[in-house]
Amino acid sequence: MSDYAVETNMSKGSFGEEYLSLGRNKLVEMFRTMVLIRRFEEMAAKMYSMQKIGGFLHLYIGQEAVAVGSVAAIRDDDYMITAYRDHGHAIARGTDPKLLMAELFGKYTGTSKGKGGSMHFFDASRNMLGGHAIVGGQIPLGTGIAFKIKYRREDKVCLTYMGDAAVNQGTFHESLNLAALWKLPVVYIVENNLYGMGTAVDRASAVTELYKRGCSYGIEGMVADGMNVFSVYDAIKEAAKKARELSLPTLLEIRTYRFRGHSMSDPDSIYRTKQEVEEEKQRDPIEQMKKFLLEEKIATQKEIDDIDAEVKKVVAEAVEFAENSSEPPLESMYDDIYVS
Ligand SMILES: Cc1ncc(C[n+]2csc(CCOP(=O)(O)OP(=O)(O)O)c2C)c(N)n1
Ligand SMILES: [Mg+2]
């Protein structure tokens with residue numbers, strides 16, 4: 001391990017009593033948000049198969065603790081930017097699921113007026129700046145946001161998420177170099193779900209411990225367990241504090257797993273075994289959090305069931321809203337393409 005690579009959190013990995021200090025409301029809200037993401041996406045998959053949704057659809061199922069744990073650890077006006085697997089980030093940030101479902105349906109009431117779709121969820125009012133389809137494309141953008149924060153002396157940080165495959169793009173290296181050189185308040189978060197489409201990390205990366213990639217630039221590396229929402233929370237708290245108070249970047253590798261295929265069109269049977277998927281499902285972040293809430297008597301089984309029922313209703317209403325919304329009018333075809 002290099003001087004810059006500090007393994008944190010992985011060893012903890014437990015759901016310890018110390019997290020009770022977050023308070024019941026916050027703990028239940030974190031759980032509810034993970035369930036909302038899961039149910040929203042299960043419904044999106046169903047709507048996709050019914051051809052209500054077109055284009056690409058990349059599900060975040062299995063990775064929910066990453067978005068929820070990280071958003072819980074920052075402030076509402078901090079920035080975040082991510083790749084195309086973005087539903088969880090937007091929901092965790094608090095964007096109305098109705099507007100997001102409408103966006104998936106390509107309707108005018110959607111967050112990007114129906115023109116962005118699944119890969120371009122965006123909510124400027126919440127400083128959630130995408131949703132970007134080009135692998136690695138968001139990394140320099142996140143770095144630029146961090147530059148703007150520093151230039152304007154704002155008390156903010158920028159969480160810049162990416163997949164494991166993005167660390168082999170040139171944009172990753174150029175961005176990390178400048179972030180270290182200019183001491184920018186950015187947290188680079190690699191959501192390592194072990195695959196870039198059908199390619200396993202060890203078939204694409206010479207160094208598979210991705211947090212080590214920061215050491216060439218003097219950027220500290222950290223690791224968190226992406227199936228444990230508290231591990232993510234702790235790591236982001238620490239990295240965001242360093243960004244905010246010392247204006248220093250961090251490279252955080254969060255080890256996670258996607259339970260579904262790369263996208264809806266991925267048969268998901270060629271490059272990984274059913275057994276591997278089943279084993280990973282034993283670490284389901286939602287089930288682990290549920291167990292914690294029950295064991296620590298923060299919620300009863302009845303309350304957990306009620307949350308699930310309430311969330312399913314929210315999702316059903318989102319579909320109804322999307323169904324009843326209108327298509328973008330023809331006259332809007334060229335709107336929002338150029339900014340003058
Ligand atoms: C520059 C570029 N090259 C190739 C693609 C095609 N592509 C889409 S997703 C993807 C894999 C990305 O994997 P990863 O970064 O690990 O993210 P994950 O899908 O696992 O969340 C590729 C190669 C693309 N969108 N952009
Ligand atoms: Mg990946």
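This is a predicted model: local features need pLDDT of at least 70, side-chain atom pairs count only at pLDDT 80 or more; totals for chains, interfaces and linings use all residues.
Residues are numbered from 1 along each chain as its sequence is written, and chains are lettered from A and ligands numbered from 1 in the order in which they are written.

Q: How many helices and strands does the protein chain have?
A: Helices (H or I, at least four residues) and strands (E, at least two) are taken as DSSP runs, numbered from the N terminus. Counted in this way, the secondary structure of the protein chain comes to 11 helices and seven strands.

Q: What percentage of the residues of the protein chain count as buried?
A: A residue is buried if 20 or more other C-beta atoms, placed from the backbone, lie within 10 Å of its own. Of the 340 residues of the protein chain, the buried share is 47%.

Q: How far apart are the end C-alpha atoms of helix α11?
A: The expected span of a helix is 1.5 Å times one less than its number of residues. For the 24 residues of α11 (residues 301-324) this should give 34 Å, which agrees with the end C-alpha distance of 35 Å.

Q: Which residues come nearest to ligand 1?
A: A residue is near a molecule if its C-beta atom, placed from the backbone, lies within 6 Å of it. Among the 13 residues around ligand 1, those that come nearest are Val135, Gly163, Asp164, Ala165 and Gly196.

Q: Which residues of α11 are buried?
A: The cover over the buried residues of α11 includes α1 (24-49) and α4 (97-104). The buried residues in α11 are Val311, Val315, Ala318, Val319 and Ala322.

Note on methods:
A residue is buried if 20 or more other C-beta atoms lie within 10 Å of its own, exposed if 12 or fewer, and partly exposed in between; C-beta atoms are placed from the backbone. Two residues are in contact if their C-beta atoms, placed from the backbone, lie within 7 Å.
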